[in-house]
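Student: Please show me the model, and then let us go through it by question and answer.

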Amino acid sequence: MPILEHLWIIPLLPLLGSAINGLLGAKWPNKFITGIALGSTGLSFACALEAVREFLFVYYPANHQAFVKPFFDWIVAGNFRAGFDLQLDQLTVVMVLVVTGVGFLIHIYATGYMAHEGGYYRFFSYLNLFMFFMLILVLAANFVLLFVGWEGVGLCSYLLIGFYFLRKSAADAGKKAFIVNRIGDFGFMLGMFLLFRAFGSLDFQTVFAKAATWQPDAMGQFGTLTIACLLLFMGATGKSAQLPLYVWLPDAMEGPTPVSALIHAATMVTAGVYMVARSHVLFMHSPTAMYVVAIVGCATAIFAATIGLVQPDIKKVLAYSTVSQLGYMFLACGVGAFGAGIFHLMTHSFFKALLFLSAGSVIHAMGGQQDMWHMGGLASKIKVTFWCMLFGTIAIVGFAPFAGFFSKDAILFAAYQSENGGKALYGVGLLAAIFTSFYMFRLIWLTFFGEKRYDEHQVHVHESPGSMTVPLMILALLSLVGGWLAAPALWGGPNYFADFLAPVFGNAEAAGGEATNSLELTLSIVAVIAATVGLIVAWRMYSGKAARGTSTGLHKILYNKYYVDELYQAVIVGPLVWLSQNVFWKVVDVGMIDGSVNGIAHGTEALGDTVRHTQSGNVRSYAVWVIIGALVILAIIFWPLWRPTFFVATSRGVR
Amino acid sequence: MVPTNYYLILSAILFGLGIVAFVFKRNIITLFMAIELMLNAVNLAFVAFSQSLGKPDGEVFVLFVIVVAAAEAAVGLGIIILTARNRHSLNVERVDLLKL
């Protein structure tokens with residue numbers, strides 16, 4: 001098992017690529033940089049495939065457990081050990097293949113998309129670094145190493161959002177993403193500390209094995225596990241852009257489009273879902289935390305979908321769509337269908353990467369224009385992009401037999417079956433599905449159909465080069481077939497994807513069973529009808545002479561994203577800035593810190609100025625000081641002898 | 001046998017005279033002599049104690065003091081000569097270049 005024994009190769013290759021390009025690439029021609037970037041990710045993908053093959057066909061049949069290998073000790077303190085331990089199990093297999101596979105495709109695409117941009121080497125250095133950290137994140141066998149990847153991808157996200165750092169909005173968006181994530185990470189770290197206190201270890205296997213023996217908390221009971229889970233979930237809301245910390249993701253669209261596709265759609269933002277699924281043992285022991293996850297996921301799904309309905313910017317629509325789809329994944333995790341959540345994670349990474357890359361191709365064709373109201377009628381001009389985007393749209397909307405149909409269906413089905421208001425969750429999820437359908441077809445119509453709303457003399461619409469369209473086609477194919485693993489479940493057969501993940505999630509998965517097949521089929525049909533409703537409404541509204549509507553009432557609220565940014569600005573950012581400026585800066589910093597430092601300096605100076613007069617340069621005055629000093633010392637030495645016994649002492653001295 | 005404290009009182013008087021001379025006189029040569037006076041006052045105390053305790057340590061110490069005082073006199077007189085040549089004065093109050 002050559003690669004499986006050396007799992008570190010998979011993350012190390014992109015790191016090497018990043019280091020070479022980052023340190024040496026500045027003066028190189030683009031084709032060298034392309035070679036290094038694609039070579040490292042491609043090799044990493046190949047290694048991942050081989051490792052997965054070895055795991056699934058050699059290791060797992062013999063051992064029936066996750067492959068865990070410690071490579072070296074990282075932190076050892078007392079009983080605590082956090083090592084560079086990598087782990088491969090069925091869940092990781094899915095994640096590693098998605099990260100390296102989709103990542104590789106997006107790298108290929110980026111070589112075309114970024115070909116004429118400055119900072120080509122820098123871009124690929126960051127992108128490879130991101131791959132490294134993301135692979136560390138999914139391969140980690142303990143929470144500490146996972147956190148390294150978690151923070152690392154946050155760093156790369158920051159760097160890439162702010163890639164065009166000369167543009168203030170991009171730099172601000174990068175900072176926003178970083179700071180909002182920091183809030184979530186605070187919770188994540190507290191959760192880790194709590195787990196360490198409870199279990200004395202942060203290795204997945206130890207923690208989960210010990211947690212499994214605990215008595216589950218009751219609903220509404222805030223035991224250690226529930227609080228730890230809620231804190232971990234707080235980290236997930238930051239990283240995966242859930243309410244109330246989703247605000248950074250739409251702004252993150254300031255980055256180049258391949259970045260939006262790779263980091264802010266396909267991989268990094270799903271890290272929270274992965275982490276929750278990875279910790280499913282903990283979450284299964286705290287129904288309260290599960291319920292919170294389900295509600296937050298469901299609320300985010302509908303919330304972001306409604307904002308997406310009216311956005312004019314093609315990438316913003318997709319960004320809110322991503323937030324909404326991540327909500328679906330959390331909904332799945334919250335109702336205990338971790339397999340369905342990971343399934344949707346996988347299919348989503350295919351079709352959302354496809355959608356973003358297609359949007360990038362459209363923007364490329366339009367010469368940088370992102371406003372859909374300045375597009376229209378592009379279908380005949382950029383055919384490949386159009387068909388790929390249509391595939392992605394059908395997949396996300398959930399028409400059979402595309403991938404989204406199966407994964408979204410599995411989530412809604414699981415939500416419908418869950419206890420504690422599952423019907424309500426299902427209803428909201430279904431409504432969000434209608435909205436999804438609406439905003440996606442709105443995007444299609446505004447972009448590809450209708451009249452031209454741009455100046456043909458200024459915009460030369462052209463199809464993108466092969467390096468961009470080929471990954472699109474591959475992703476389109478994956479968006480079509482990616483869900484078929486679960487297809488037989490519809491007519492009573494096995495759900496191959498769920499079965500594949502069963503060794504990880506065990507009994508956590510609510511088994512569908514024969515009796516509910518008809519229910520699942522019914523719900524699927526309902527979901528398709530819902531999607532059709534969205535399609536028809538979008539068609540009615542935008543197929544004709546579409547015009548930018550006047551913004552009033554509800555539309556205005558949605559257009560302004562429920563004023564959440566303004567709310568945060570007023571409630572959190574504003575007071576914080578005021579407090580920082582008027583208290584921490586002007587009082588604490590200037591008054592107390594600078595004041596004490598400067599005060600000490602001034603005091604020393606004044607003292608020196610006073611005392612320097614003793615340094616007269618006159619030898620005899622020095623002698624006087626010496627004498628005074630000697631007298632003082634004598635006085636101190638003889639002090640006990642002086643007081644009442646003075647004469648006695650002297651007379652004894654006389655002898 | 002003269003009691004030891006007589007010697008000590010004499011020594012203290014000589015030492016005090018040395019201090020007074022050192023502090024109040026201005027001539028460098030006089031200061032130098034004052035220092036010698038103080039050194040010899042201390043020597044006297046050493047010898048007195050040596051005698052009274054019956055140990056040779058104090059006398060050995062006196063020899064050391066004399067040697068050091070001789071060396072000091074050699075160096076000090078050299079300095080005095082140079083000072084006198086450069087300043088045309090032996091007044092210590094005018095030798096204050098180290099003043100801030």
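Tutor: First, a definition: a residue is buried if 20 or more other C-beta atoms, placed from the backbone, lie within 10 Å of its own. A nonpolar core is a set of buried Ala, Val, Leu, Ile, Met, Phe, Trp, Tyr and Cys residues joined through C-beta atoms within 7 Å. This is a predicted model, where local features need pLDDT of at least 70, side-chain atom pairs count only at pLDDT 80 or more, and totals for chains, interfaces and linings use all residues. Residues are numbered from 1 along each chain as its sequence is written, and chains are lettered from A and ligands numbered from 1 in the order in which they are written.

Student: Which residues touch the most other members of the largest nonpolar core?

Tutor: The largest nonpolar core has 213 residues. Those that touch the most other members are A:Val293, A:Leu331, A:Ala353 and A:Leu354.

Student: Which residues does A:Ala353 touch?

Tutor: Contact here is two C-beta atoms, placed from the backbone, within 7 Å. Leaving out residues up to four places away in sequence, A:Ala353 touches A:Val102, A:Ile106, A:Ala261, A:Ala265, A:Ala266 and A:Leu475.

Student: How are H4(A) and H20(A) oriented to each other?

Tutor: Helices are DSSP runs (H or I, at least four residues), numbered from the N terminus. H4 (residues 90-113) and H20 (residues 466-481) of chain A pack at about 150°, the angle running from 0 to 180 degrees between N-to-C directions of axes fitted to C-alpha atoms over the stretch in contact. Angles over 145 degrees count as roughly antiparallel. H4(A) and H20(A) are therefore roughly antiparallel.

Student: How many residues does each chain give to the contact of chain A with chain B?

Tutor: Helix H25 (residues 619-642) of chain A gives the most to the side of chain A, with 5 residues. In total, the contact takes 11 residues from chain A and 11 residues from chain B.

Methods. Helices (H or I, at least four residues) and strands (E, at least two) are DSSP runs, numbered from the N terminus. Angles under 35 degrees count as roughly parallel, over 145 as roughly antiparallel, 65 to 115 as roughly perpendicular and the rest as oblique. A residue is buried if 20 or more other C-beta atoms lie within 10 Å of its own, exposed if 12 or fewer, and partly exposed in between; C-beta atoms are placed from the backbone.
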